[in-house]
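Open the model in your viewer and keep the selection tool at hand. The stops below say what to select next and what is there.

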Amino acid sequence: MVIGDYLLAGLVAMLTGLDRVALVQVMISRPLVAAPLTGWLLGHPMVGLEVGMLLELLWLGRLPVGAAIPPDDTQVAIGATVLTLSVGPMLGLHGMPFVILAVLIAIPLGKFGQVFDRLARHVNDRLAVSGERALAAGRTRVMERYHLLGLASFSLASLATALVIVLVGSLILYEAAPFLIGAVRKAGLSLQYSLILVGAASLLGTINVNRSISLFCAAFTGTLLVLWLR
Amino acid sequence: MKENRLSSLTLLRMYLRSFLLQASWNFEKLQNLGFVYLILPGLHSLYGDEIPAEVCKRHGGYFNTHPYFAPLVAGTILRLEARSLAGEDLAVDAETYKSMVMAPFAAMGDALFWGGVRPLAALVGLLVASQGSLWAPVVFLVLFNLPHLVSRGSGLLLGALQELRAIETVQKCRLPDLAIRLKESTTILIGVLCAYLSFKGCEHQSLSVVWGFALLPVVLLFAWMAHKGVTSLFLVLLTTSSLLLLALVF
């Protein structure tokens, strides 16, 4: 990856980060979209799709309600895609095992997203006070400016999260990848599926609807039987 | 005062501004500036360039609702403002209406969009992605955003045209029931996805598909743990470290 690629990834991190709360919310911030978009812009959309698949369900059950701030799965997805495409070639590692390793390193770093997001909202507290003051004085244009300034704090928080994931993740990957890649290759498909299944189980556990267990069991059994007997 | 009806252009500007409702989301008053930003074109069409300070201040207080339902609240508020400006006696004033409806709309929107439409669209997208198709993100975005964009637009029109009766119209749509149906569909799709992955896993390891059923109690155990508050991060660390240890030992 060249400098331009990192800048492009940073731009995607800021735009998709804004989509999480502050701007539009058309869900380009979901890992299933953000990671393939990053991969596509960096010339490897399939790597992005693989990352997106592994991460999509993990925190989907954590609702962005009120003051609740879920871990930043958007930047985890973008960060893992960038890590795969930047560190992988340097170490001579590629393919699904390295994608899984990059995702596993990036996941815990998503916690930083919560810290930066909280910080951005505290900055917005000050903007809101200034905005209210302008409003009380009837200066609506000024209030609008304070309101739109909030976009800057959210996008900077996203960029900071992506930076931490890529920088810290690169350091960890350089050190750990040579030792861990063998075990990841050996665990292979089970490791890949386990990430999706943990996400599915987390979603099932938080979906909060009657009969969810019986519906899940019936769908699971029925589908497996059909696939087996076809 | 300029006019007491909202023009199409004003409504369009409000629709576009609704996408910026949460730009300055803050812990203190949540969407307060965003709501004023959303209704400003409407207030300008009612009051002209100089909006009275007390009107601005009135709408700048605490506000928190689901972002996709905010245009509906905004449309109704502006109709109430227009009637108040025309000197009509109102059963409910704009401020009272706002405080009455924001929480119920927030709860309804959270259940419908965050709890219903989004997981369902994501699972359909994931099933498409599991076939290695790059159309998966597009499928997800289309499935999610059709109801999203329609909800914003129709909500704004409903509020602006029907005013307080908009609540009855929304009630008739039985959105909480729809949210439950969507969640049930999501649960079924989770079952389909898990079974598919289980089948592919057995196929890959050249095992009998009967072994695939062993995954059912594992997923149920993890779902129970998640329900009890165990975080996804802990579950990921637990499973991956166990699998990596097994791979290193055997």
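A residue is called buried if 20 or more other C-beta atoms lie within 10 Å of its own, exposed if 12 or fewer do, and partly exposed in between, with the C-beta atoms placed from the backbone. This is a predicted model, in which local features need pLDDT of at least 70 and side-chain atom pairs count only at pLDDT 80 or more, while totals for chains, interfaces and linings use all residues. Residues are numbered from 1 along each chain as its sequence is written, and chains are lettered from A and ligands numbered from 1 in the order in which they are written.

**Stop 1: chain A**

Select chain A. Of its 230 residues, 57% are buried. The chain has eight helices and zero strands; here helices (H or I, at least four residues) and strands (E, at least two) are DSSP runs, numbered from the N terminus. The C-alpha trace of chain A spans about 70 × 50 × 25 Å along its principal axes. Two residues are in contact if their C-beta atoms, placed from the backbone, lie within 7 Å. Among contacts in chain A between residues at least 6 apart in sequence, 74% join residues at least 24 apart.

Now select A:Gln25, in the loop between helix 1 (3-20) and helix 2 (31-41) of chain A. Is A:Gln25 buried or exposed? A:Gln25 counts as buried because it has 22 C-beta neighbours inside 10 Å. Its phi is positive, about 55°, although A:Gln25 is not a glycine.

**Stop 2: the domains of chain B**

Select chain B and colour residues 8-182 and 208-250 separately: these are domain 1 and domain 2 of the domain assignment. Such bounds come from an automatic or database domain assignment. The C-alpha centres of domain 1 and domain 2 of chain B lie 40 Å apart.

**Stop 3: two helices in chain B**

Select helix 4 (residues 70-85) and helix 5 (residues 94-129) of chain B. Their axes come within 10 Å and cross at roughly 170°. That makes helix 4 of chain B roughly antiparallel to helix 5 of chain B. Axes are lines fitted to C-alpha atoms, for helices over the stretch in contact, and angles run from 0 to 180 degrees between N-to-C directions. Angles under 35 degrees count as roughly parallel, over 145 as roughly antiparallel, 65 to 115 as roughly perpendicular and the rest as oblique.

The crossing of helix 4 and helix 5 of chain B is right-handed. A crossing is right-handed if the near helix is turned clockwise from the far one by less than a right angle, and left-handed if anticlockwise. By class, this contact of helix 4 with helix 5 of chain B has eight nonpolar, two polar and two charged residues. Ala, Val, Leu, Ile, Met, Phe, Trp, Tyr, Cys and Pro count as nonpolar, Asp, Glu, Lys and Arg as charged, and the others, Gly among them, as polar.

Stay in helix 4 of chain B and pick B:Leu80. B:Leu80 counts as buried, with 23 C-beta neighbours inside 10 Å. Leaving out residues up to four places away in sequence, B:Leu80 touches B:Leu90, B:Asp93, B:Ala94, B:Tyr97 and B:Glu163.

**Stop 4: two loops of chain B**

Go to B:Trp135, in the loop between helix 5 and helix 6 of chain B. B:Trp135 is exposed, with 12 other C-beta atoms within 10 Å. Next select B:Arg174, in the loop between helix 7 (166-172) and helix 8 of chain B. B:Arg174 is exposed because 11 other C-beta atoms lie within 10 Å. Phi of B:Arg174 is positive, near 50°, in a residue other than glycine.

**Stop 5: where the chains meet**

Show both chains. How many residues does the contact take from chain B and from chain A? It takes 79 residues from chain B and 82 residues from chain A. On the side of chain B that touches chain A, the largest share, 18 residues, comes from helix 8 of chain B. By class, that side of chain B has 51 nonpolar, 21 polar and seven charged residues.

Finish by selecting helix 8 (residues 212-229) of chain A together with helix 8 of chain B. These helices pack at an angle of about 40°, with their axes 7 Å apart. The crossing of helix 8 of chain A and helix 8 of chain B is right-handed. Residues of this contact include A:Phe216 and A:Phe220 of helix 8 of chain A and B:Tyr196 and B:Phe199 of helix 8 of chain B. The residues of the contact divide into 14 nonpolar, five polar and one charged.
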